[in-house]
There are 2 protein chains.
Amino acid sequence: MIEPKTLPGFMELLPEDQILFNKVVNIIKKNFESYGFLPIDTPVLENSEVLLAKAGGETEKQIYSFTKGDNKICMRFDLTVPLAKYVAANFDSLNFPFARYQIGKVYRGEKPQKGRFREFYQCDIDVIGKNSLSLYYDAEIPSIMYRIFKELNIGKFTIFVSNRKILLGLIENLGLKDSVDILRLIDKFAKIGEENFVLTLKLDYKIEDDIINKLLQFIKIDGTTNQQLEKLKKFKIDNSDFNEGVEELEHVIKNMRAFGVEEDYFNINLSIARGLDYYTGTVYETFITGHENLGSVCSGGRFDNLAEYYTKEKLPGVGMSIGLTRLFYQLKENNLLKQEKGAIAKVVILPMGNTIDECIALSNQLRNNNINNIVYFEETKFKNKILYATKANANYAVIIGEDEVKNNYFTLKDLNAFEQKQVTFEEMLNILR
Amino acid sequence: MIEPKTLPGFMELLPEDQILFNKVVNIIKKNFESYGFLPIDTPVLENSEVLLAKAGGETEKQIYSFTKGDNKICMRFDLTVPLAKYVAANFDSLNFPFARYQIGKVYRGEKPQKGRFREFYQCDIDVIGKNSLSLYYDAEIPSIMYRIFKELNIGKFTIFVSNRKILLGLIENLGLKDSVDILRLIDKFAKIGEENFVLTLKLDYKIEDDIINKLLQFIKIDGTTNQQLEKLKKFKIDNSDFNEGVEELEHVIKNMRAFGVEEDYFNINLSIARGLDYYTGTVYETFITGHENLGSVCSGGRFDNLAEYYTKEKLPGVGMSIGLTRLFYQLKENNLLKQEKGAIAKVVILPMGNTIDECIALSNQLRNNNINNIVYFEETKFKNKILYATKANANYAVIIGEDEVKNNYFTLKDLNAFEQKQVTFEEMLNILR
């Protein structure tokens, strides 16, 4: 006998939770499609040469790779590299700007720990331009994610927006040398706190007080988005990147409003740096209010060139991604999913006595009226049949006994209210609808 | 520069085809759920020990396997072994009879050839009983597949049904020794033809003429399902398996009718043997009429014990499976998919001049009315904008120029009929709905 165990770090849900998970996926998909994003479905396996064109460091160590015949093969570790391959390979067939979504499993052999998964769903949207891409997409993308999180009904959240050009321009303007280190430090500002931030700059990087004060003043710009933008403009930094960044950020903020993102649900956070070598303009992070410790649940940004390793075509883009497996786990753990108990069938039909023919006939009729239902066929005690219907999270059981058949009615049992009544088919249909 | 190539034997569709593929998946899923089947989603990777508990021979050679840390890992090659693991592992939490569906990718390192894939979707339904399972499920399962293929609208097809007990009983009754070889030969009867069938039995297996005639008479039983059942009964074989098989088959046929399967869409085919050591009762194969050369597009059957390698619990079941990637490829190749061109957005909104604000406002309004739409933001010639909308397979383009804004109307362009008119928002909504 072999123990039927699942590998550690792999999520496998019971049906009730799987139904909830699928509901979340459907909400995400529906909203992606409401903006006309096109689905693609790239393979889980790719040629190592293709998948590792850019990878390196930590990511490469985590990748599942193996050899089959003459092929060196990898399992995808994100959906961005496969997108780059896809766009380069199908360049002449795609309609640009190419707005695509992909929801699929990716693989990273991380150390398994609570809330971390080795196989997890990513839900990505990106718009890819040919040579150039309008800044309006930088506002459209977070508005899609806004709609999704609103519909998921998980409470208050904030989409934080910034533009990397602002930080880079500031650092350049201040003449700071260790710019990558300092960017990383700024990104961690909230985590390490002001005191450690100042001490590190002073002791490790020998930065003068007036420059540290300028950095602090910058990071701590607060108020409404409009107030923050005004303060940024008054900062009067003579640097073209900085000023371009502020202008772009203002455009994005203005149009996020136009796309219907409520004022309370987004904000500027100038310390967001994200992937230090990938994003080149707008950047996003999303936090659930009161659950900031979960980290960003939806992030992304603008990049200059998607597929430089595969094509000479210049392909700028902007996108965001939800790490769904982890998010779902966190939402469940924190009781943030307020959906009803997962159920597929609204009603279970229970034969009592020799009435299976009538049960099948009713099942067909209900199905033809788009009501998912189950007929319980096993011969067992009535108690067990009702237990089955209850465990299936059905709202109703229909009982068909010989009396029901003879007198042409159905007994409809409300499994939540513990009451039952005799109904005609039409009455049942009205209740079940 | 690295060539952005996809591995051979891996299907990767352009968005238009992906939309069609997803439509097929949705039809399958909807019908599975209409019978109350529960979704599960097992990992793509499993412990080798677990996944290979039963495998061997050809299958084992095709499996993608590798080592990561101390773990020997395999990619799943079907959805049945993971189901067995799942049911054994979650036995106490499941509601029996456990009716589940799973739609997911599986992996087999077969020699790549036209129409054969190394990564492919399987769409499985199975009902698993605890100790026993009603025979009604053997009729329910093919009725689900019938509804799916009807809704896919691919023309005429036939679900062939048999019961392995009949063949096994007959062979036992005739006292044939090489029963496995002979079963295999019978399974190939249609392919090899009567003459070769007779010669092989005569020369290779030294079987006497009267027994060969009996086998021929049996295989060639024809007519309506009722006539076939009558002929089977008149066959008067004194073997309990044979007679039990005939009785079960009669029950299944009767109830497939009850579940609404049209007479023209199913038939008895006594030569179906299928997986020689797995199925123990009812067996199914499905052929598209006029395209029998494609092989069975949906198969399955009844089995005695799902998870004998993982648990002492006796878990009989019945199920069917669609190999969707291959089927989709075949349907496309043979022009059997009659769906409209794949499109996500019904309408593309085109700004002319400085009207982007109005375009975004309209986009929001349409989206709130559940109409998927795209705003085209790039600055380019009108010709290119219309070309984009056409390539997106949208039915309509809405043009908003400065005149439209000033006079409060929209220009709605029918992209199929090449005509346009001026409409109010309400009029547009009515047309788009």
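**Helices, then a sheet**

Biologist: Is the crossing of H5(B) past H11(B) left-handed or right-handed?

Modeller: H5(B) passes H11(B) in a right-handed crossing (near helix turned clockwise from the far one by less than a right angle; left-handed if anticlockwise). Helices (H or I, at least four residues) and strands (E, at least two) are DSSP runs, numbered from the N terminus. This is a predicted model: local features need pLDDT of at least 70, side-chain atom pairs pLDDT 80 or more, while totals for chains, interfaces and linings use all residues. Residues are numbered from 1 along each chain as its sequence is written, with chains lettered from A and ligands numbered from 1 in the order written.

Biologist: Which residues of H5(B) and H11(B) make the contact?

Modeller: From H5(B) come Tyr136(B), Asp138(B), Ala139(B), Pro142(B) and Ser143(B), and from H11(B) Val252(B), Asn255(B) and Met256(B) (contact: C-beta atoms, placed from the backbone, within 7 Å).

Biologist: And how do I read the sheet?

Modeller: Strands of a sheet pair through backbone hydrogen bonds, either parallel or antiparallel. Here five strands of chain A form an open sheet with mixed pairing, in the order S13-S12-S14-S15-S16 (pairing: at least two DSSP bridges). Its edge strands, S13 (373–375) and S16 (419–423) of chain A, each pair on one side only.

Biologist: How many bridges join S15(A) to S16(A)?

Modeller: Five, and S15 (residues 410–414) of chain A runs antiparallel to S16(A). In this pair, Phe410(A) stands opposite Val423(A) of S16(A).

Methods
Two residues are in contact if their C-beta atoms, placed from the backbone, lie within 7 Å.
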